[in-house]
Amino acid sequence: MTDAGGASLEPHAAAFASQRPVPRQRRRVLITGASGMLGSDLAPVLAGAGYEVLTRSRSELDIADAAAVARELTATTPDILVN
């Protein structure tokens, strides 16, 4: 395969075929305590504004458990955290 100038594109084939991270289209928001008053009101507003909203109730994620919070942040990689 060659470009418009006749140069071979073969050396670039590996770069074209390499896996690149796909950027997220929407910003991701993690809301802890989502079953509470603030979380339950905020989640639909953020979703309506185009955010990807991840909700966790107190029973799903105890914020007093640092290891559980670290695991959740690693697993979900939110752009914004609301507690």
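**View 1. Overall fold of the predicted model.** From the N terminus on, the elements of the protein follow the order α-β-α-β-α-β. That comes to three helices and three strands, where helices (H or I, at least four residues) and strands (E, at least two) are DSSP runs numbered from the N terminus. This is a predicted model, in which local features need pLDDT of at least 70 and side-chain atom pairs count only at pLDDT 80 or more, while totals for chains, interfaces and linings use all residues. Residues are numbered from 1 along each chain as its sequence is written, and side-chain values use heavy atoms, with hydrogens and water left out. Of the 83 residues in the protein, 22% are buried; buried means under 20% relative accessible area, exposed over 50%, and partly exposed in between (1.4 Å probe, protein chains only). The protein exposes about 6,000 Å², and carbon and sulfur atoms supply 57% of this area (Shrake-Rupley method with a 1.4 Å probe; for residues, only the protein chains shown count as cover). Among contacts between residues at least 6 apart in sequence, 55% join residues at least 24 apart, a contact being heavy atoms within 4.5 Å.

**View 2. The largest nonpolar core.** Six residues form this core: V29, I31, A34, A43, L46 and V82. A nonpolar core is a set of buried Ala, Val, Leu, Ile, Met, Phe, Trp, Tyr and Cys residues joined through side-chain atoms within 4.5 Å. The elements that give two or more residues to the core are β1 (28–32) and α2 (37–48). L46 is in contact with V29, I31, Y51 and V53, leaving aside its neighbours within four places in sequence. In soluble globular proteins, nonpolar side chains tend to be buried together.

View 3. The buried residues of α2 are G39, A43 and L46. Seen down the helix axis, these residues fall within an arc of 80°, so they line one face of α2; the arc is that of the directions from the helix axis to the C-beta atoms. An α-helix has 3.6 residues a turn, so residues three or four places apart point the same way. The buried residues of α2 pack against β1 and β2 (52–56), whereas M37, D41, P44, V45 and G48 are exposed on the other side of the helix. The end C-alpha atoms of α2 are 18 Å apart, which agrees with the 16 Å that its 12 residues should span at 1.5 Å a residue (the expected span is 1.5 Å times one less than the number of residues). Just after α2, G50 takes a positive phi of about 100°.

View 4. The structure holds two salt bridges, each defined as a side-chain nitrogen of Lys or Arg within 4 Å of a carboxyl oxygen of Asp or Glu. In one of them, the side chains of E52 and R28 meet at 3.5 Å, N to O. E52 lies in strand β2 and R28 in strand β1, so the pair ties together parts that are 24 residues apart in sequence. E52 counts as partly exposed, at 23% relative accessibility, whereas R28 is buried, with a relative accessible area of 15%.

View 5. E72 is buried, with a relative accessible area of 15%.

View 6. In α3, A68, V69, E72 and T76 are buried. Down the axis of α3, these buried residues fall within an arc of 100°, so they line one face of the helix. They pack against β1 and β2, while A66, R71 and T74 are exposed on the other side of α3. T77 is found in the loop between α3 and β3 (80–82). Although T77 is not a glycine, its phi is positive, about 40°. T77 counts as partly exposed, at 39% relative accessibility.

**View 7. Surroundings of T32.** T32 is found in strand β1. This residue is buried, with a relative accessible area of 7%. Not counting residues up to four places away in sequence, T32 touches R56, L61, I63, L81, V82 and N83.
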